[in-house]
Amino acid sequence: MPNKASAKKALRQDNKRAERNERSIRNMEYAIKQTRKAIAAGKKEEAMTLLLSAQKLLDKAAEKRIIKKNNASRRKSRLASAVNAVK
């Protein structure tokens with residue numbers, strides 16, 4: 001446990017940031033999973049709308065440096081090509 005007031009505050013800040021990052025990752029993963037379920041079900045229009053929300057969450061996570069920029073780009077690209085492959 002931290003002894004100094006500044007160390008205690010730093011610990012509180014770290015916990016808040018970790019919680020915020022975890023929430024962002026959870027939302028992003030959920031959106032990706034929902035998009036993949038729509039793709040598997042063959043619902044192209046629904047998959048397209050879910051893809052847009054997933055891309056938005058990926059971009060926000062990359063902007064806040066929760067994930068790396070190329071990671072977000074790769075995930076968006078693979079999701080988009082999977083949606084486009086739906087008949």
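Author: Axes here are lines fitted to C-alpha atoms, for helices over the stretch in contact, and angles run from 0 to 180 degrees between N-to-C directions. Helices (H or I, at least four residues) are DSSP runs, numbered from the N terminus. This is a predicted model, in which local features need pLDDT of at least 70 and side-chain atom pairs count only at pLDDT 80 or more, while totals for chains, interfaces and linings use all residues. Residues are numbered from 1 along each chain as its sequence is written, and side-chain values use heavy atoms, with hydrogens and water left out.

(The expected span of a helix is 1.5 Å times one less than its number of residues.)

A47, L50, L51, A54, L58, A61 and A62 are the buried residues of α2, where buried means under 20% relative accessible area, exposed over 50%, and partly exposed in between (1.4 Å probe, protein chains only). These residues cover an arc of only 115° around the axis, which puts them on the same side of α2. The arc is that of the directions from the helix axis to the C-beta atoms. On the face of α2 turned away from this buried side are the exposed residues E45, T49, L52, K56 and E63. One of them, E45, has a relative accessible area of 68%. The C-alpha atoms of E45 and T35 are 11 Å apart in space, and the two residues are ten apart in sequence.

The cover over the buried residues of α2 includes α1 (5-41) and α3 (69-84). Take α1 to begin with. It packs with α2 at an angle of about 155°, and their axes are 9 Å apart. That makes α1 roughly antiparallel to α2, a label used for angles over 145 degrees, with under 35 counting as roughly parallel, 65 to 115 as roughly perpendicular and the rest as oblique. The contact (heavy atoms within 4.5 Å) is made by residues including N27, M28, A31, I32, T35 and I39 of α1 and A47, L50, L51, A54, L58 and A61 of α2. In the loop between α1 and α2 lies G42, which is partly exposed, with a relative accessible area of 39%. G42 and K64 are 22 residues apart along the chain, and their C-alpha atoms are separated by 33 Å.

At the other end, α2 is followed by R65, whose phi is positive, near 65°.

Now the partner α3. α2 and α3 pack at an angle of about 175°, with 9 Å between their axes, and are therefore roughly antiparallel to each other. Among the residues that make this contact are K44, A47, M48, L51, Q55 and D59 of α2 and K69, A72, R75, K76, L79 and V83 of α3. The 16 residues of α3 should span 22 Å at 1.5 Å a residue, and its end C-alpha atoms are 22 Å apart, which agrees. The buried residues of α3 are N71, A72, L79, A80 and V83. Seen down the axis of α3, they fall within an arc of 155°, so they line one face of the helix. They pack against α1 and α2. N70, R78 and N84 are exposed on the face of α3 turned away from its buried side.

Notes:
Helices (H or I, at least four residues) and strands (E, at least two) are DSSP runs, numbered from the N terminus.
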